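Biologist: Can you walk me through this one? I'd like the symmetry, the interface, the domains and the sheets.

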Protein chains: 2
Amino acid sequence: MNFNVLKKDVNSSARTGIIKTDHGEIQTPIFIPIGTHGAVKTVTPAELKSVKTQIILGNTYHLYLRPGTELINAAGGLHNFMGWDLPILTDSGGFQVFSLARLNKITDEGVEFQSHLDGSRHFLTPEKSMEIQRNLGADIIMAFDECPPGDADIVTIGNAVKRTKIWIDKCQRYLGENPSVYNWKQTMFPIVQGGVFPELRKLSAEEMIPFAKCGIAIGGLAVGEEKSAMFKMIELMDELLPKDQPRYLMGVGTPTDLIQAVRRGVDMFDCVIPTRNGRNGQLFTSFGKVNIRNKKYKFDFNQIDGNCNCETCSNFTRSYIRHLFNINEVLGLRLATIHNLHYYLNLMELMRSHIQEGDFQNWSQNYLNNLTKDS
Amino acid sequence: MNFNVLKKDVNSSARTGIIKTDHGEIQTPIFIPIGTHGAVKTVTPAELKSVKTQIILGNTYHLYLRPGTELINAAGGLHNFMGWDLPILTDSGGFQVFSLARLNKITDEGVEFQSHLDGSRHFLTPEKSMEIQRNLGADIIMAFDECPPGDADIVTIGNAVKRTKIWIDKCQRYLGENPSVYNWKQTMFPIVQGGVFPELRKLSAEEMIPFAKCGIAIGGLAVGEEKSAMFKMIELMDELLPKDQPRYLMGVGTPTDLIQAVRRGVDMFDCVIPTRNGRNGQLFTSFGKVNIRNKKYKFDFNQIDGNCNCETCSNFTRSYIRHLFNINEVLGLRLATIHNLHYYLNLMELMRSHIQEGDFQNWSQNYLNNLTKDS
């Protein structure tokens with residue numbers, strides 16, 4: 001895998017680039033849709049490509065529980081299993097263990113937890129996370145890190161930074177001793193922790209940078225802290241992280257967040273917002289959010305966004321989509337998902353083209369002005 | 001609307017034909033997927049076309065309750081509302097009133113019932129059914145009939161035949177006084193009732209035939225009676241119904257049923273089986289039914305049916321589809337629906353081509369021999 005910066009914005013840290021993987025190229029800045037269980041909920045790989053998805057994310061925790069790595073390995077890896085031939089990134093499983101499972105014990109060895117599905121006991125270690133990710137076969141795999149909540153105190157965050165360093169040593173060792181089981185390369189991204197404490201962020205960045213071959217992640221943000229604190233940390237990361245590697249801001253965010261983070265030098269994003277909020281009837285547009293369940297759309301025969309040319313907007317009205325949500329029809333979930341993913345991926349494409357053309361600063365300010373406040 | 005018979009089979013009553021409507025042609029024999037609430041569950045109009053759907057069915061009862069005819073009328077009819085520009089058939093609402101709602105009273109005037117959704121009281125009359133169907137704007141609309149259960153006695157069925165005649169007079173009168181509200185034609189099909197009693201079927205056929213302009217339906221079958229009794233009634237209908245009009249067997253059936261009924265002169269079918277059973281994980285193939293939830297498919301990386309070229313079979317394995325059902329992922333429902341609809345519509349196309357080529361009898365016998373018993 002390698003990364004080339006194509007163009008740097010003169011007024012901000014925004015830049016365009018290309019990541020080359022054995023499953024194809026990724027143009028940055030990019031957004032990564034979430035394919036929790038080996039499927040981006042409600043949509044097919046062909047539809048993902050039609051909205052210009054370049055890379056998807058698979059959740060190690062969910063895939064480990066169902067269907068399990070034995071099956072995915074037998075299928076020839078996650079790409080083959082789900083019929084997706086472009087790049088995949090898998091997370092380490094840690095975040096879901098911390099947020100979904102019942103935690104029993106965290107030690108320097110790993111995390112003992114009980115499945116949120118059936119209460120069964122599991123022990124996820126750095127080595128186990130790497131073993132699972134080797135079997136899933138993603139192009140980009142994530143180091144096993146400890147991610148405390150956004151309101152954790154400095155001691156807790158400091159311990160998480162310390163443990164994240166202990167764990168990445170184990171990840172690195174495992175990967176060195178156990179090469180990819182498939183005939184393509186897998187690149188591990190280390191994850192910088194440190195909460196909203198600059199000194200801890202700095203320490204974690206120093207500790208993680210040596211592990212970064214072609215990409216590094218900013219973790220532990222968008223977990224409950226203030227937005228302003230998040231952006232300060234991203235600015236700090238922009239100063240400290242290598243400029244010749246892609247920076248991946250995990251779990252972020254709203255359209256506004258994406259633009260603000262690209263300005264601060266972020267190249268990659270993943271987030272459940274477009275897909276999950278879509279399934280709740282919240283649609284993103286160039287003028288802000290639309291809650292399609294709202295009664296005011298009952299007789300509204302316009303498309304969701306007059307500026308949008310996605311499959312949903314090209315074929316269906318607000319009135320019809322509202323009706324589908326009202327009757328709990330699955331087709332509504334699909335149409336909302338397609339629209340929102342198209343919106344997010346189109347937004348990234350717009351950012352790339354305006355960085356390329358040199359008018360990113362003006363364009364992005366106008367774009368943000370047109371959005372409603374909470375978008 | 002008009003109908004032309006293209007080719008008659010020499011060994012059976014099977015025939016091919018073309019129905020011309022203001023929304024395009026329908027090649028018969030044809031299967032009509034069910035679009036209950038203005039959507040064939042889980043799939044888009046484009047996908048319906050990709051599996052060669054030529055006409056869909058909308059349920060008057062469901063559409064009347066949600067979203068209501070005021071909205072569909074404001075949208076310019078059901079075609080516009082849901083984005084489907086090929087022919088539509090709507091049922092009369094009667095069958096759902098009898099099977100889903102709480103019935104309060106049936107008189108010669110109509111049916112008083114309470115909504116299965118909220119218990120609200122409604123009175124569905126022949127005139128009201130026609131008014132709703134005028135607003136929905138389907139190309140083919142169905143007379144309001146009384147459809148008793150399959151185990152009803154001869155007196156009950158006789159009364160239903162009598163009432164169906166009283167009601168169709170009212171339907172006819174309403175339609176004469178209230179032409180289509182859209183700029184396309186709507187043709188009403190009368191429905192022959194009579195249960196499994198030849199004399200009542202004969203009487204009902206005689207009463208209904210004068211109302212048939214271009215199509216007549218066989219109702220009150222597949223409602224719990226024996227299969228052999230159903231086929232006897234279809235044979236009787238084959239003798240009695242006009243040969244120059246399409247015959248529509250309502251609510252039927254399995255792949256075997258379709259072949260057996262085409263042999264007996266039926267041209268049109270609708271049924272929930274391919275869509276509903278698909279959503280339950282039951283997939284139809286050229287060798288019989290597959291329950292994709294079965295554990296034996298866990299490591300089965302073959303396509304559902306090696307002879308099938310649908311989007312599902314072209315892209316996904318049994319193992320993956322089984323996984324989607326296991327995690328209750330909506331994409332599984334879609335892939336199953338697409339496969340089953342493709343199977344049904346492809347089966348109709350196979351029948352048409354073998355009738356056309358003159359080897360329908362041999363071909364259909366072979367085909368039936370390859371199916372498992374309950375398909």
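Modeller: A definition to start: copies are superposed by least squares on the C-alpha atoms of residues with pLDDT of at least 70 in both. With that, a rotation of 180° with 0.0 Å of shift along its axis puts chain A on chain B, at an RMSD of 0.0 Å. The two copies are thus related as by a two-fold rotation axis.

Biologist: What ground rules apply to the model and the numbering?

Modeller: This is a predicted model: local features need pLDDT of at least 70, side-chain atom pairs count only at pLDDT 80 or more, and totals for chains, interfaces and linings use all residues. Residues are numbered from 1 along each chain as its sequence is written, while chains are lettered from A and ligands numbered from 1 in the order in which they are written.

Biologist: In chain A, which C-alpha is nearest the axis?

Modeller: That of A:Val330, 3.6 Å from the axis.

Biologist: How many residues of chain A are in contact with chain B?

Modeller: 30 residues of chain A, against 30 of chain B. Contact means that the C-beta atoms of two residues, placed from the backbone, lie within 7 Å. Since 100% of the interface residues of chain A are also interface residues in chain B, the copies meet through the same surface.

Biologist: Which helices supply that side of chain A?

Modeller: Helices H3 (69-74), H4 (78-82), H13 (318-326) and H14 of chain A each supply at least two residues. H13(A) gives the most, with 5 residues. Helices (H or I, at least four residues) and strands (E, at least two) are DSSP runs, numbered from the N terminus.

Biologist: And by class, how do the residues on that side divide?

Modeller: Into 17 nonpolar, 9 polar and 4 charged. Ala, Val, Leu, Ile, Met, Phe, Trp, Tyr, Cys and Pro count as nonpolar, Asp, Glu, Lys and Arg as charged, and the others, Gly among them, as polar.

Biologist: Domains next. Where are the bounds in chain A?

Modeller: Domain 1 covers 2-271 and domain 2 covers 279-375. The bounds come from an automatic or database domain assignment. Over C-alpha atoms, 27 Å separate the two domain centres in chain A. The contact takes 27 residues from domain 1 of chain A and 26 residues from domain 2 of chain A.

Biologist: What does domain 1 of chain A put on that side?

Modeller: Strands S2 (15-21) and S4 (30-32), plus helices H1 (45-50) and H10 (255-263) of chain A, each supply at least two residues. H10(A) has the largest share, 6 residues. By class, this side of domain 1 has 11 nonpolar, 9 polar and 7 charged residues.

Biologist: Now the sheet with S2(A). What's the strand order?

Modeller: S1-S2-S3 in chain A, an open sheet with antiparallel pairing. Two strands pair if DSSP finds at least two bridges between them. S1 (2-8) and S3 (24-28) of chain A each have a single partner strand, so one side of each is left without a neighbour in the sheet. Neighbouring strands are turned by 15° against each other on average, direction ignored.

Biologist: How many bridges join S1(A) and S2(A)?

Modeller: 6 bridges, antiparallel. In S2(A), A:Thr16 is the bridge partner of A:Lys7.

Biologist: Which helix packs on the sheet?

Modeller: H14 (330-357) of chain A, touching S1, S2 and S3 of chain A. The direction of H14(A) makes about 120° with that of S2(A). Axes are lines fitted to C-alpha atoms, for helices over the stretch in contact, and angles run from 0 to 180 degrees between N-to-C directions.
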